[in-house]
Structures are given as structure tokens and as C-alpha cells.
Amino acid sequence: MGNVEGAGATGRALELARRLGGTGASRRVGAGLAAAGLVGVALFGLLPAPMALVACLAVAAMAAWATNLVPPHWPALAVFTLAATLIPGSAPVVFSGFQSSTYWLLFAGFVLGSAIRHVGLGARIAQPLARCLAGSYRRSAYGIAGACLLLGFVMPSGMGRIVLMLPIVMAVAEDLGYPQGSDGWIGLVAIAAFSCFLPAFAILPSNAPNMILAGLAETVYGHRIGYFRYLWMHFPVLGLLKTVVLVELSLRLFPVAAPVPAPASARRSADTPAGPWTLAQTALALLLALCLVLWMTDALHGIAAGWVGLAAALVCLFPPARLTPADCVAREVQHGTLLFVAGVMGLGALISASGLGATLVDGLAQATGLAAPPDAGDGREPGPVGTLALLAMMSTAAAVLANLAGVPAILTPLAGETARLTGLELDLVLMTQVPGFSNVLLPYQAPPLIYAIQVAGLPFGRMTRLCLLLFAASLVFLLPLELLWWRLIGAV
């Protein structure tokens, strides 16, 4: 019966692929549906029907997210629809992402980013920044990288930080004497784009994959990843040290002399009179400072970062406060991104609840030797640090084959079984994903980087080279240091 059902599903998929067959994207979508149908044929003969159906949904959705054939929210809506209608009793599971505090933290990030732009707080910060950066090229580079990294603590949206900082740094670079398109200008703008995004993976609410990881851990296992613990485990190496590596690589890829400030008549940002702080700017700065304090002390008060962010968003959206545009929720909040994140979390919960995650981990453990029995005596067990390194390498491979957000979507539902097989704590297994999804091999893996390259007109080839060098440095240099840091702080 299972094979008959699988053949029928394949036939329907192939027929739909034929009907969609036109040119360009529609052909590729049709091919993807046909591939999912073929996967179904194989899986329906090997797995129970509900588990095989979940596997088909996962393969199709992750392929769509990895290839960007359709907008990311479309596969998420497809997962919601197909799971709720075809798998009995799955609706509470597949829609569980909407109940996660991580989902609402992402919503809050969009609102806070809108408020920062609306009241002019970003420009307020940029003016003294330009004055402080005058001097050597190295000083300018580290100043910009440091400012972008610090912004990750108060603005939980990688795309939002790039949208805010890119025009500021482009103007500041010209004010410092680097014409647009010169090596100095490209270097400083590239440092800003990469620093807004990559080191912020070490700050829990600052990038989407971080929040998907936290949301899935909470949804699937009831395990809440603390803000301070996450920061303490990752920020020294993947935050601070990675920023240093990024700046040094950029300085060597784009070597120039010390900046020569532009004529006074041409300066735009550094010498623009700032004027007094407005009431709205002061109020928003205090609100963001309060959020940061509450995020960093979550171990004391127990309030999840998402609920803190949601409370701040509520204040910003209160009409008399005038901290956001009147149409903020309609125009500034990226509802497609929210649906995508909820879809990833719902699919992860579905993989875990169906038993598919446990089945995949058992097979993977046998293939990699993680499941070697303790008394085997054959030397196959790699030990805790070796196991962690292997898991981190697996997450890196998943990031290359899928996309950054796909790493927690694929691996988090498997983390419980992985922890059982390896004897490691669940929290530690979850943390091994961070070195993987924070390491970008090519720009296509990170939509914020693609956005920055397109908006600023950065040379794609040179940005790819920077990605490749940073990927190699992270794999060879930063990953061992990250594991050493975990051992030093007693996490392993």
C-alpha cells in the first residue's frame, strides 16, 4: 500500500511539473516538485507513511529555501497548508513557531529598526562617528567594525543594521577622502557590511539563524537558550576575534594609504551640526538601553528576550509616543520573513514529532562513528572535543549545502537524539551549530550580504574572495579556538 501511495504522489508531482513547464523559474519549480515526488517513492517504501510525508515536505521546502526559486514565505505557507491538511493532528505542531518568543523577537526587531530610522537616531550616532574615525585607514576600519558590532546589541536585525549603516559608512568613507569605487571606499563599506552581519551571530537576538535555533530549541525540547550564556560561549571568539580577522583580511585585500579628508565644502556627515537631542531620540535611546540590560540579565529575571523585545515594540507602536510611522506594521515589518521563520520552526517541530529526526540521527551516527559503543575498544570514539568538532563541521557543511537559516532547521530537530547517542548535554549539541551558520562560504548564503553588495555596488568577485578567505580562517583558526574557549570556561 505504501508503494502505491508513493507512486500516486509521484505521478501527481510529475503531472504538476509538466503543467508548470514553461521557461526559466517555472521549469525549475516543476523539476523541484518532480524531485520531491521521486524522494517520496523511495521513502514510502522505507518509512511509515506519515514520516515519509514529513520527509517529502522537508526535502521540498529546504530545496526551495536553498535555491531561492520562489520567495521564502511560499514554501513556509506550503508546509503549513500541506501538513495541516494531509497529516492528522499536525496543526498544533506545524503552527507552534508562532507561539515561540523568538518569532516575536524578530517582529520586535523590525519595529525597533523602523523606530531608529524614524526618529533619526541612526544619523545622530553617525555624526560623531565620522569625527572619531579620522586618522589612519586602520583606525577607520576598526572604528567602523566596532560601531557595527556594537549595533548588534541594540538592533536585532542583520538586514536592518545593514540598511541603517550602509549609507552612513558610504558617506563617511567619502568624507574621509576615499572616492566612491576606490579601494579605500570599497574596503570600509565591505567591513561595514560584513561586521553588521557575521560577528553578530555571537549575539543571540541579532540574526535570524540565531533566533531560529533558539525558537526551535524552545518549541521542540522546551529548552530556553539564555542570552548571557549564549553570549559568553560565542562572543569572545566568533564575535570579537572574528571581527579582528575580518578587518585584517580586508586591510590586506584593499590596501590604501591614510585617508586624506575631503575639502570642507564637500563634507556631508562629519561636520554637519547635530543640534540638541530630540525628545523622541532620547526616549528611544533609553528604551533600547533598558532592553539591552534586560536581555543581558535574563538569567536573573527569567523573562525571554522575545517578550522584552515585544514590550519595547509595543511602546514604539503606541501612537502618542510617535516613535514609529503610522503605517509601521503594514510597511516596515517584513511579514514574508516572519512567515519564513515560523515555517522553519514549524517544520523542525514536525520533523521531531514525527520521529523522522531520531531515524536520521541513528543512520548518521552509524555512518560517522558517533554511535560506537563505549566498550567497543576499537578507538572509534573521538572524545567530547572531537565529537563537538565533528558536529560543528556537520553544521558547516549544512550551511554550504542549504543556507544559513537551514542549519538550525535541519539539525535542531536531530539534536535530542544526537545528545543521547554522544552523551553530551543538549545545550552543548545545540551550540555546535553556531560555528557552522556563522561561517559564510559564498555571498549567496547570506541575503543581507547580497543586499549590501547590490546597493553599494561592491565588486562581487572581490567580495567572494573575502568570503572565501574568512571561511578558511574561521575553519582552520577560529573553530579550534572556539572549542578551546569552551573547555577553558568549563562548558565541555
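The questions and answers below walk through a predicted model of one chain.

Residues are numbered from 1 along each chain as its sequence is written. In this predicted model, local features need pLDDT of at least 70 and side-chain atom pairs count only at pLDDT 80 or more, while totals for chains, interfaces and linings use all residues; side-chain values use heavy atoms, with hydrogens and water left out.

Q: How many helices and strands does the chain have?
A: Helices (H or I, at least four residues) and strands (E, at least two) are DSSP runs, numbered from the N terminus. By that count the secondary structure comes to 24 helices and 0 strands.

Q: What percentage of the 492 residues is buried?
A: Buried means under 20% relative accessible area, exposed over 50%, and partly exposed in between (1.4 Å probe, protein chains only). Of the 492 residues in the chain, the buried ones make up 51%.

Q: Which residues is Trp486 in contact with, leaving aside its neighbours within four places in sequence?
A: Contact means heavy atoms within 4.5 Å. Neighbours within four places in sequence are left aside; the partners of Trp486 are then Met233, His234, Leu388, Leu428, Met431, Thr432, Ala491 and Val492.

Q: Which backbone oxygen does the side chain of Asn210 reach?
A: Asn210 sits in helix α11 (residues 208-221). It counts as buried because its relative accessibility is 0%. At 3.0 Å, its side chain reaches the backbone oxygen of Phe201.

Q: How many charged residues are in the contact of α11 with α20?
A: The axes of α11 and α20 (residues 406-422) come within 10 Å and cross at roughly 35°; axes are lines fitted to C-alpha atoms, for helices over the stretch in contact, and angles run from 0 to 180 degrees between N-to-C directions. Pro209, Ile212, Leu213, Leu216, Ala217 and Tyr221 of α11 meet Pro408, Ala409, Thr412, Pro413, Leu414, Ala415 and Gly416 of α20. Ala, Val, Leu, Ile, Met, Phe, Trp, Tyr, Cys and Pro count as nonpolar, Asp, Glu, Lys and Arg as charged, and the others, Gly among them, as polar. The contact has 11 nonpolar and 2 polar residues, and the charged ones number none.

Q: How far apart in space are Val385 and Val492, C-alpha to C-alpha?
A: Val385 lies in helix α19 (residues 383-401). It counts as partly exposed because its relative accessibility is 28%. Val385 and Val492 are 107 residues apart in sequence, yet their C-alpha to C-alpha distance is 7.4 Å.

Q: Why does Cys467 count as buried?
A: Cys467 is part of helix α24 (residues 460-488). It touches Phe194, Val440, Leu441, Leu442, Pro443 and Leu449, not counting residues up to four places away in sequence. Cys467 counts as buried because its relative accessibility is 1%.

Q: What is the phi of Arg322?
A: Most residues other than glycine have a negative phi. Arg322 lies in the loop between α15 (305-317) and α16 (328-332), and it counts as exposed because its relative accessibility is 67%. Its phi is positive, near 55°.

Terms used. A polar contact is a pair of N or O atoms within 3.5 Å; within protein, one must be able to donate a hydrogen and the other to accept it, and residues adjacent in sequence count only if both atoms are side-chain atoms.
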